[in-house]
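This briefing goes through one structure by topic. Keep the sequence and the 3D view open while reading.

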Amino acid sequence: MSLATDMTDTVKTPGAIDGGNVVEVRNVTKFYDGDIHALDSVDLGFPAGQMTTLLGPSGCGKTTMLKIIAGLLEPTSGEIFVNGKQVTGPGPERAFVFQDFALLPWATVLRNVAFGLELRGDSKAEREEIGRHYIAEVGLSGFEQKYPHELSGGMRQRVGLARALAVNADVLLMDEPFSAVDEQTRRKFQEDLLHLLSAEKKSVIFVTHSIEEAVYVSDQIVLLSPRPGRIHSTIRPDIDRGISPDDIRRDKNYLDTVETIWQDLRKYLD
Amino acid sequence: MTTSSATGDLPRAPGRSPAFLPTKAAWYRILSVVGLFVIWQIAALIPISPAFPTFTSTIVAFYEMVADGRMIFAYADTLKPLLIGVAISAGFGILLGISMGLNRLFQWFWEPIFVVMQAAPVAALIPLITYVYGLGLTAKVVAVVILAAPIIVLNSYKAVSNASPNLIQMCASFQGTRLQQIWKVIIPNAAPVMFAGLRLGIAGGFIGVILAELLITPTGVGDLITFHRSRADYAEMYAAVLSVMTFSALTVGLLERAEINFFRPEKKKGR
C-alpha cells in the first residue's frame with residue numbers, strides 16, 4: 001500500500017493507471033451560503049475502471065464533492081472533467097446512487113429501475129427489457145411489480161443500484177449507499193457489488209464513512225480532512241482480490257490498512 | 001348538526017378495503033354511525049326540543065320527499081352552481097396552486113389573497129356578493145368558489161412546494177428536463193396532498209352553495225330547508241339537512257376512492 005500519494009501528481013500524469021482518469025477534479029472550492037467552507041482547492045483524479053472511495057469524518061465535504069462531480073451542485077470555483085471533457089451539469093456518462101434510495105413511491109420496481117431510460121425517451125418495450133435485465137443482475141427477479149414500500153432497505157438500494165446501472169453510464173457515483181442498510185445486508189451487498197462491478201467494468205466513486213467498507217471495496221481511498229475538506233492522503237490498499245470475501249476480512253494487509261486509516265482519522269475526532 | 005361528524009366519517013373508510021365487503025374497520029364505522037342515529041332517536045324522543053324530530057320521522061320524510069320528486073328537483077337546482085363552482089375552483093385552483101409552488105413570483109402575489117379569502121367570514125360577505133352579482137346563478141357560483149378555491153389553491157401550492165428535494169435531485173441526475181421533473185416527479189409526489197385539498201374544497205363548496213341558497217335567494221335544497229322551517233315541518237327540514245351532509249360525505253368518499261384507484265396504485269395494492 002502506498003500512503004500519501006501527492007494528488008497534484010496524479011492529475012499531472014493522467015494515463016498513469018489503466019489508461020487514465022475517467023474523472024478529474026481540478027482546484028475545486030465550495031462555499032455554502034457564502035461562509036461555510038466545505039471544500040478547499042481539491043485536485044483529484046479517479047482512475048478508469050477502478051473503485052475510488054472518498055472517506056473522511058462527518059462534514060469533510062465528501063458528499064459535496066460527489067454531488068459536484070455529479071453536476072448536482074455547482075462548485076464555487078474549479079473544474080470537473082469527465083472523459084477529458086469539462087462538465088457543468090449532470091450527464092449520461094455519470095449515474096448516481098442515492099443514500100436514501102430516492103425511489104418513486106408510486107412506481108413499481110420495474111418503472112423505478114427504468115426511470116433513467118424513461119426520462120431519456122426510450123420506448124416502453126426497450127426500457128422494460130433493460131429494466132428486467134438489471135433487476136435480475138441485482139438479484140431482485142420476481143419483484144418487478146412490487147412497490148418500494150413493500151421492499152426492505154437493502155432491496156430498495158438494490159433498486160437504486162439497478163437504476164444507475166440501467167443507463168449504462170461509465171461512472172457510478174455512490175453516496176453512502178449502504179448507510180441506511182443493516183450490517184448483515186450491508187456485507188452481502190458489498191460482496192455482490194464487487195462481483196457485479198467486476199463484470200460491468202464501471203468506474204466507481206464511492207462515499208462512505210466506514211473505514212472497513214472503504215478498504216474492503218476500494219482500489220483507491222482518498223482521505224479527506226474535516227471542513228474545509230482537503231485531500232489528506234491517498235491510499236491504494238494492496239489486497240489480493242482473488243481470495244474469498246471472508247479471507248479478505250482476515251487478511252493482514254486489509255487489517256493493517258484499516259488500522260492505518262483509523263490512526264489518521266482519529267486525530268480529527270478530538 | 002350533531003350528525004356531521006358521523007356522516008363525515010362514514011365514507012372516509014380508506015379506500016383500501018374492497019368495496020362492499022366490510023372489513024373490521026368498516027364494521028366499527030358502521031357501528032359509529034348506527035350509534036349516532038340511536039342517540040339522535042333517543043334525544044328526539046325525550047324530547048330535547050319540540051323542533052327536533054326523531055331520526056325515524058326524518059328518514060320517513062326523506063323518502064316522501066324523494067318519492068314525490070321535491071328532493072330531486074331541489075338537487076337539480078342546487079347542483080348547478082355547485083358543479084360550476086367546484087369545477088372552476090378545482091380547475092383553476094389546482095393550476096394556480098401548482099404554479100405558485102413552482103414559481104416564487106406567483107407565490108408572492110397570490111398567497112396573501114387566498115390566505116385572506118380563506119379567513120374571510122363568508123356569511124358576512126354574501127350581501128356584498130349579492131350587491132355585485134345580483135340574485136342569480138353567478139352569485140351562488142361565487143359563493144361556492146369563495147369557499148372551495150382557497151383550500152384547493154393553498155393545498156396544491158403547499159403540496160408542490162414541499163415536493164421531495166431528493167426525488168427532484170434524482171430526476172436531475174438522470175438528466176430529466178424541467179417539464180419531466182414537474183410531470184413525472186413533482187405532481188405525482190404532490191398528488192396525495194392535492195387530493196386532500198380537493199376533498200376539503202368540495203366539502204367547502206357544499207357549505208357555500210347551501211349558504212348562498214339560504215342567504216341570497218331560496219332555491220334548491222336551501223329552499224327546502226327555509227320553507228319547511230317556516231312551516232315548522234321539522235322532519236322535512238332535517239331530512240334536507242341530512243341529505244346535504246350525506247351527499248357531501250359520499251362525494252368526498254367517492255373522490256378518495258377514485259384517487260386511490262387511478263393515482264395511487266401502491267396504496268391500492270398495499271392494503
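The model is predicted. Chain B has 12 helices and zero strands, and 19 residues of chain A are in contact with 17 residues of chain B. In chain A, strands β3(A) and β9(A) pair in the parallel sense.

**Chain B overall**

- Read along the sequence, chain B runs α-α-α-α-α-α-α-α-α-α-α-α.
- The C-alpha trace of chain B spans about 70 × 50 × 30 Å along its principal axes.
- Of the 271 residues in chain B, 39% are buried.
- Among contacts in chain B with a separation of 6 or more, 73% are between residues 24 or more positions apart.

**Contact between chains A and B**

- On chain A, 19 residues are in contact with 17 residues of chain B.
- Helix α4 (residues 115-120) of chain A gives the most to the side of chain A that touches chain B, with three residues.
- That side of chain A consists of 14 nonpolar, three polar and two charged residues.

**Nonpolar core**

- The largest nonpolar core has 140 residues, and those that touch the most other members are Ile69(A), Ala162(A), Leu173(A), Ile205(A) and Ala143(B).
- Helix α7 (residues 137-161) of chain B gives the most to this core, with 17 residues.
- Apart from its neighbours within four places in sequence, Leu173(A) is in contact with Leu66(A), Ile69(A), Ala70(A), Arg94(A), Ala95(A), Phe96(A), Val97(A) and Ile205(A).

**Strand β3 of chain A**

- Strand β3 (residues 51-55) of chain A is mostly covered, with five of its five residues buried.
- Met51(A), Thr53(A) and Leu55(A) point one way from β3(A), while Thr52(A) and Leu54(A) point the other way.
- β3(A) runs parallel to strand β8 (residues 203-208) of chain A, and five bridges join them.
- Within that pairing, Leu55(A) stands opposite Thr208(A) in β8(A).
- β3(A) also pairs with β9(A), in the parallel sense and over four bridges.
- The bridge partner of Thr52(A) in β9(A) is Gln220(A), and that of Thr53(A) is Ile221(A).

**Strand β9 of chain A**

- Strand β9 (residues 220-224) of chain A is also mostly covered, and five of its five residues are buried.
- From β9(A), Gln220(A), Val222(A) and Leu224(A) point one way, and Ile221(A) and Leu223(A) point the other way.
- β9(A) pairs with strand β10 (residues 231-235) of chain A in the antiparallel sense over four bridges.
- A hairpin of six residues joins β9(A) to β10(A).
- Leu223(A) stands opposite Ser233(A) in β10(A).

**Helix α5 of chain A**

- Helix α5 (residues 124-137) of chain A has 14 residues, which should span 20 Å at 1.5 Å a residue; its end C-alpha atoms are 20 Å apart, which agrees.
- The buried residues of α5(A) are Arg127(A), Ile130(A), Gly131(A), Tyr134(A) and Ile135(A).
- What covers the buried residues of α5(A) includes α3 (109-113), α4 and α6 (153-166) of chain A.
- After α5(A) comes Gly139(A), whose phi is positive, near 80°.

**Backbone details**

- Most residues other than glycine have a negative phi, and most peptide bonds are trans.
- Ser41(A) is not a glycine, yet has a positive phi of about 35°.
- Ser41(A) is placed in strand β2 (residues 36-47) of chain A, and counts as partly exposed because it has 13 C-beta neighbours inside 10 Å.
- Asn83(A), also not a glycine, has a positive phi of about 50°.
- Asn83(A) lies in the loop between β4 (77-82) and β5 (85-87) of chain A, and is partly exposed, with 16 other C-beta atoms within 10 Å.
- The peptide bond joining Ile46(B) and Pro47(B) is cis, with omega about -10°.
- Pro47(B) is in the loop between α2 (24-45) and α3 (55-67) of chain B.

Notes: Residues are numbered from 1 along each chain as its sequence is written. Chains are lettered from A and ligands numbered from 1 in the order in which they are written. This is a predicted model: local features need pLDDT of at least 70, side-chain atom pairs count only at pLDDT 80 or more; totals for chains, interfaces and linings use all residues. Helices (H or I, at least four residues) and strands (E, at least two) are DSSP runs, numbered from the N terminus. A residue is buried if 20 or more other C-beta atoms lie within 10 Å of its own, exposed if 12 or fewer, and partly exposed in between; C-beta atoms are placed from the backbone. Two residues are in contact if their C-beta atoms, placed from the backbone, lie within 7 Å. Ala, Val, Leu, Ile, Met, Phe, Trp, Tyr, Cys and Pro count as nonpolar, Asp, Glu, Lys and Arg as charged, and the others, Gly among them, as polar. The expected span of a helix is 1.5 Å times one less than its number of residues. Two strands pair if DSSP finds at least two bridges between them. A nonpolar core is a set of buried Ala, Val, Leu, Ile, Met, Phe, Trp, Tyr and Cys residues joined through C-beta atoms within 7 Å.
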